Amino acid sequence: TSTVHDTNCVQTPLFQGENFFSCSTQINKPVVTAKRPFRGKVTGGKCYVWCACGHSKKPPFCDGAHRTQAPSISPPHFTPEKDSTLMLCPCKQTKNVPYCDGTHFKAFMFSHCP
Ligand code: FES
């Protein structure tokens, strides 16, 4: 669940019951949704839409929340070639969208509001 605290900061709890938050100082910047990559099976030839904003209620996939929460962000589509298990980026900082490249380690360490 994301909470708009003011016009300059969006906070998202990383885990229920914990006090770690992802914070973006600009409302159209992506927020961190988890501190570990999403590991899951995908079907070859099927089109998926990866959540690039961090506001989806169905991570790691887009549920349309970016339209109101981060309208400048467009989610990328991807189609796996074959049935496989993927590690998808949770922190929205990967250089290899939509796959995890390990950047979440750094993103989590700095994922608190100033
Ligand atoms: S809900 Fe995050 S990109 Fe669509």
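Analyst: Helices (H or I, at least four residues) and strands (E, at least two) are DSSP runs, numbered from the N terminus. On that basis the protein chain reads β-β-β-β-β-α-β-β-α along the sequence, that is, two helices and seven strands. The model is predicted, so local features need pLDDT of at least 70 and side-chain atom pairs count only at pLDDT 80 or more, while totals for chains, interfaces and linings use all residues. Residues are numbered from 1 along each chain as its sequence is written.

pLDDT is the predictor's confidence in each residue, from 0 to 100. The protein chain averages 75, and 68% of the residues score at least 70. Over residues 1-26 pLDDT stays under 50. Where pLDDT is low, the predicted coordinates should not be read in detail.

The loop in question runs between β7 (84-88) and α2 (104-109), and Cys100 is found there. Lys92 and Pro98 lie in this loop too. Two backbone features stand out. Lys92 has a positive phi of about 70° although it is not a glycine, and the peptide bond from Val97 to Pro98 is cis, with omega near 0°. Most residues other than glycine have a negative phi, and most peptide bonds are trans.

Next comes burial. A residue is buried if 20 or more other C-beta atoms lie within 10 Å of its own, exposed if 12 or fewer, and partly exposed in between, with C-beta atoms placed from the backbone. Lys92 is buried because 24 other C-beta atoms lie within 10 Å. Cys100 counts as partly exposed because it has 19 C-beta neighbours inside 10 Å. In the protein chain, 27% of the 114 residues count as buried.

Two residues are in contact if their C-beta atoms, placed from the backbone, lie within 7 Å. Leaving out residues up to four places away in sequence, Cys100 touches Pro37, Met87, Leu88, Cys89 and Thr94. Cys100 and Met87 are 13 residues apart in sequence and 5.7 Å apart in space, C-alpha to C-alpha. With the same exclusion, Cys89 touches Pro37, Thr94, Val97, Pro98, Tyr99 and Cys100.

Cys89 also belongs to the largest nonpolar core, a set of 11 residues that includes Leu88, Cys91 and Trp50. Such a core is a set of buried Ala, Val, Leu, Ile, Met, Phe, Trp, Tyr and Cys residues joined through C-beta atoms within 7 Å.
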